[in-house]
Amino acid sequence: MLGSRGFSPKWISWIRSLVQGGSICIRMNDENSVFFKPGKGLRQGNPLSPLLFNLVADVFSRMLMKAARQNLISGLLPQVMGGGVVSLQYADDTLLFLEDDIEKAQTLKWLLVCFEKMSGMKINYDKSDLLTIGLSPDSANNYAKVFCCKLSDFPIKYLGVPLHFTKLRRLDLQPVIDKIIKRIARWRGRLLSYAGRRILLRACLASIPIYLLSMIKFPRWAIDMIINSQMGHFLWNNTEDRHRYHLANWQLVAKKKTLGAWGFLT
């Protein structure tokens, strides 16, 4: 694989010595076992691990794209690209897409088995979920039997973001909102001055919900619960055991000074 990517034989020999060479021992109860050679794999914390994983994952993507071009499998949105969108990968998180065709699903399972045999990696089907859109329960169960994984429902979490093919409900967003509020609520400015709370608010607290806000269009109630409530409490040092009045609403605090506001977050 490395040779087909243009890597030199010397570099390949270095990688082979890292993956297949070396010896380790197991320490238990302050005693070391006899050193032995592992079959394969890098040591924990090796900086080369992400790079090599990306190379192997790239091979998997090329296998899927080649199968899609030959019409062995078909993804979603074939009008966007030839063969449709088959996979979406970020690090070790992978989403696979397939049209409603049980024969092509069996072909995809065969490709997964081939990838396992070639790479030496194992796909954990117990941690994999199968989600269907518009299929009957019997059809969904047939696909679950092919891939040997459990059925799941929307929304799903991908990179920490809940995904749904329709609009997210309040029930779906509430756990995400609670997680953000819990992170913000840990900060206490009781021992900080007013200027210190302002700096901490701009530098740290205001950036906590940025990632999810950039991915999801939050409803108005969620914005009010996260920003107007929690960040406002922190700024004015309003706690459960020590009530403080908010001397200004959050719109006046957050807007730019050029608009006649205080400009705390700009």
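S61 lies in helix 2. The model is predicted. S61 has a relative accessible area of 14%. The cut-off for burial is under 20%, so S61 counts as buried. Beyond its neighbours within four places in sequence, S61 contacts S87 and Q89.

Helix 2 spans residues 49-69 and contains 21 residues. From the first C-alpha to the last it reaches 31 Å, close to the 30 Å expected at 1.5 Å a residue. Its buried residues are L52, L55, V56, A57, F60, S61, M63, L64, A67 and A68. The cover over these buried residues includes helix 1 (9-20) and helix 3. Strand 3 (87-90) and strand 4 (93-96) are also among the covering elements. Just after helix 2, N71 adopts a positive phi of about 60°.

The largest nonpolar core holds 21 residues. Within this core, L64, I73, L111 and F147 touch the most other members. Helix 2, helix 3 (102-119) and helix 4 (137-147) are the elements that each give two or more residues to the core. A second, separate core has 12 residues, including L168, V176, L212 and I216.

Note on methods
Residues are numbered from 1 along each chain as its sequence is written. This is a predicted model: local features need pLDDT of at least 70, side-chain atom pairs count only at pLDDT 80 or more; totals for chains, interfaces and linings use all residues. Side-chain values use heavy atoms; hydrogens and water are left out. A nonpolar core is a set of buried Ala, Val, Leu, Ile, Met, Phe, Trp, Tyr and Cys residues joined through side-chain atoms within 4.5 Å. Buried means under 20% relative accessible area, exposed over 50%, partly exposed in between (1.4 Å probe, protein chains only). Helices (H or I, at least four residues) and strands (E, at least two) are DSSP runs, numbered from the N terminus. Contact means heavy atoms within 4.5 Å. The expected span of a helix is 1.5 Å times one less than its number of residues.
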